[in-house]
Amino acid sequence: MYNPKQFDEPSIEVMHDLIRTQPLATLVTINPAGLEANHIPLVLVDQPAPFGLLRGHVARSNPLWQEHPEESDVLAIFHGPDSYITPSWYASKAEHGKVVPTWNYVAVHAGGSLRVIDDAPWLRSQLDTLTAHNEKNFVHRWQVSDAPRDFTDKMIESIVGIEITISTLRGKWKASQNRPPRDRASVIEGLKAHGHDAMAATVQSRSGS
């Protein structure tokens, strides 16, 4: 990932927070036919240090777990807020007109080795953890145990676990840091006016204002 210094996010804690709040990863793997991408929710585990590991599951019918070479590298991409930035928002446009469009976005790339886990107790534990993580903001929280045991046992037979030990972790917060303060302020106003509150908050947090 091309990542100029002003956009680089070095904090493991900040990157981990994005993974937890946006757990749906684009998982890039390689198989005999070439590169492949799947979209899989992954749960972050803090250990082993320094980057932790990711756990999830795929359908047994998904060839990923059979075709991807065991213990070879994969890349999980996590996405935060993003937005098109029109040059019309820049305060400096009225001064000299030397402005162009861009796209602001937040992303974390987690690279590491993939391990396949075909074990029913492990899968049930992973499903419990994944469900609890994603149900935590609901008033009435669904649990795997709410469904009949014979039903969930049957469902578990149709999936296979995956675990990725993270060896590289890179974060990119492209949030108008390369623009002067007056442009960042006007970008925040433009984003808010068009309902892009998450990106507006990101630009503001990276502006020191």
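Trainee: Contact means heavy atoms within 4.5 Å. Which residues of α4 meet α5?

Mentor: On the α4 side, Ala120, Leu123, Arg124 and Leu127 make the contact. Their partners in α5 are Arg149, Thr152, Asp153 and Ile156. Mind that this is a predicted model: local features need pLDDT of at least 70, side-chain atom pairs count only at pLDDT 80 or more, and totals for chains, interfaces and linings use all residues. Residues are numbered from 1 along each chain as its sequence is written, and side-chain values use heavy atoms, with hydrogens and water left out.

Trainee: What is the make-up of that α4 and α5 contact, by class?

Mentor: There are 4 nonpolar residues, 1 polar and 3 charged. (Nonpolar covers Ala, Val, Leu, Ile, Met, Phe, Trp, Tyr, Cys and Pro; charged is Asp, Glu, Lys and Arg; the others, Gly among them, are polar.)

Trainee: At what angle do the axes of α4 and α5 cross?

Mentor: Roughly 105°. The two axes come within 10 Å. (Axes are lines fitted to C-alpha atoms, for helices over the stretch in contact; angles run from 0 to 180 degrees between N-to-C directions.)

Trainee: So is α4 roughly parallel or roughly perpendicular to α5?

Mentor: With that angle, α4 is roughly perpendicular to α5. (Under 35 degrees is roughly parallel, over 145 roughly antiparallel, 65 to 115 roughly perpendicular, the rest oblique.)

Trainee: Switching to the backbone. Which residues does the cis bond at Pro48 join?

Mentor: Gln47 and Pro48, with omega at about 5°. Ala49 to Pro50 is a cis peptide bond as well, and there omega is near 5°.

Trainee: Where is Pro48 found?

Mentor: Look in the loop between β4 (43-45) and β5 (53-59). Pro50 is found in the loop between β4 and β5 too. (Strands are DSSP runs of E, at least two residues; helices are runs of H or I, at least four; both are numbered from the N terminus.)

Trainee: What is the phi of Ser176?

Mentor: Near 65°. That is a positive phi in a residue other than glycine. Most residues other than glycine have a negative phi, and most peptide bonds are trans.

Trainee: Where do I find Ser176 on the chain?

Mentor: Go to the loop between β8 (159-174) and α6 (181-193).

Trainee: And is Ser176 buried or exposed?

Mentor: Buried, because its relative accessibility is 2%. (Buried is under 20% relative accessible area, exposed over 50%, partly exposed in between, with a 1.4 Å probe and protein chains only.)
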